[in-house]
Amino acid sequence: MRIDVHAHYFPVEYLDRLDRYAGTKATQFFRKAGLASEGFSGIEAHFRNMDLAKVDLQVLSVSGQLPYFATEYDAVDAARLGNDFYARIVSEYPKRFAAFACTPLPHVQASIDEMRRAHDELGMVGVTAGTAVLGKSIADSSFDEFFVELNRRKAVLFIHPIGGSAGSPLIESAKLTWPIGAPLEDTICMLQFMQANIPSRFPDIKIILPHLGGFAPFLTARLDQLQDHFLPESAAPPSVQARYFWYDTVNANPSALRCTQEAVGTDRLLFGTDYPFWRDDAFKLCADYISQAGLSKGDVDRILDGNAQELLGL
């Protein structure tokens, strides 16, 4: 069995709602790139790709198009629409899909309420959140009560970059928002979690970082050497704290996978594809490269299946 923890489905109805509240065509790229679907019309493309790469189940999220608005009503309305749509997909195809819920951050109590509804009524297997929320890091102390509830539930939290170029005009002007900016967001978010002492304050949250944690595994020794620049003296080394998180395998470079495995261990790796951004041959590569990275069969099986089954209770 292969379980893909990083996949997306973008219903046109949901994107329309985001545009209504954003007052802009914020979703224009998704539409032009053919990533939006009318109703369930895009499901067949999911099945075709899943069959191509022998993927049995995908965990869907709206990550990258999250319902974050300053007005609470707008954020709640969009979040409920997105979650209800995903719940219908899962209900229709329970053996092929599960879902991570979105929440109406920065509105913390409303987000806790929607998290409860998503878990207890809709059967979601976790929650997704962006690396930042309207200019604030997801690790900001203003979201502590949100993390308290996640910790109480021992919930899964799937993090995703927001496409903000990590606040860098240089990255944005060079059109590197997604090639470099996204994994940089992943890396910064991981370190901000460490700065906020999330691993020890909320030990029961199961946080998944995408794209093999960005650049973090490659920089493990450097981060340990320079930890006094960004962490308090009493903090555990970043290389130790890194083992608190889980990491999806969206990358497709065998040496990068081996680097991350050596840094955090096989048990922290989860198969992901980032569908539909990686599709057809690229989607198949996301799966195939794991078995081509020189890992043992036991390690490959854990990454493709076993770890996700345990983490998500599937």
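Visitor: Which residue's side chain meets Asp 51 in a salt bridge?
Guide: A salt bridge here is a side-chain nitrogen of Lys or Arg within 4 Å of a carboxyl oxygen of Asp or Glu. For Asp 51 the N to O distance is 3.6 Å, and the partner is Arg 96.

Visitor: How many residues apart are Asp 51 and Arg 96?
Guide: Helices (H or I, at least four residues) and strands (E, at least two) are DSSP runs, numbered from the N terminus. Asp 51 belongs to helix H3 (residues 43-52), while Arg 96 sits in the loop between H4 and E5. This pair links distant parts of the chain, and the separation is 45 residues.

Visitor: What kind of model is this?
Guide: Residues are numbered from 1 along each chain as its sequence is written, and side-chain values use heavy atoms, with hydrogens and water left out. Local features need pLDDT of at least 70, side-chain atom pairs count only at pLDDT 80 or more, and totals for chains, interfaces and linings use all residues, this being a predicted model.

Visitor: Is Arg 96 buried, partly exposed or exposed?
Guide: The cut-offs on relative accessible area are under 20% for buried, over 50% for exposed and anything in between for partly exposed (1.4 Å probe, protein chains only). Arg 96 comes out at 22%, so call this one partly exposed.

Visitor: Which helix holds Arg 31, the salt-bridge partner of Asp 19?
Guide: The side chains of Asp 19 and Arg 31 meet at 2.9 Å, N to O. They are 12 residues apart, with Asp 19 in helix H1 and Arg 31 in helix H2 (residues 28-32). Asp 19 is buried, at 8% relative accessible area, while Arg 31 is partly exposed, at 28%. So the helix you want for Arg 31 is H2.

Visitor: How many salt bridges does the structure hold?
Guide: Side chains of opposite charge can pair when their charged atoms come close. Here the count comes to 17.

Visitor: How are H1 and H4 oriented to each other, parallel or antiparallel?
Guide: Axes are lines fitted to C-alpha atoms, for helices over the stretch in contact, and angles run from 0 to 180 degrees between N-to-C directions. Angles under 35 degrees count as roughly parallel, over 145 as roughly antiparallel, 65 to 115 as roughly perpendicular and the rest as oblique. Helix H1 (residues 12-22) and helix H4 (residues 72-92) pack at about 175°, with axes 10 Å apart. That is why the two are roughly antiparallel.

Visitor: How many residues in the contact of H1 with H4 are nonpolar?
Guide: Among those meeting are Tyr 14, Leu 18 and Tyr 21 in H1, and Ala 78, Leu 81 and Phe 85 in H4. Of the residues of this contact, 4 are charged, 1 is polar and the nonpolar ones number 7. The classes are Ala, Val, Leu, Ile, Met, Phe, Trp, Tyr, Cys and Pro as nonpolar, Asp, Glu, Lys and Arg as charged, and the others, Gly among them, as polar. So the nonpolar count is 7.

Visitor: Which loop holds Pro 106?
Guide: Most residues other than glycine have a negative phi, and most peptide bonds are trans. The bond from Leu 105 to Pro 106 is cis, with omega near 15°. Pro 106 lies in the loop between E5 and H5.

Visitor: What is the phi of Lys 154?
Guide: Lys 154 lies in the loop between H6 and strand E9 (156-160), and is exposed at 52% relative accessible area. Not a glycine, Lys 154 still has a positive phi, of about 55°.

Technical notes. Contact = heavy atoms within 4.5 Å.
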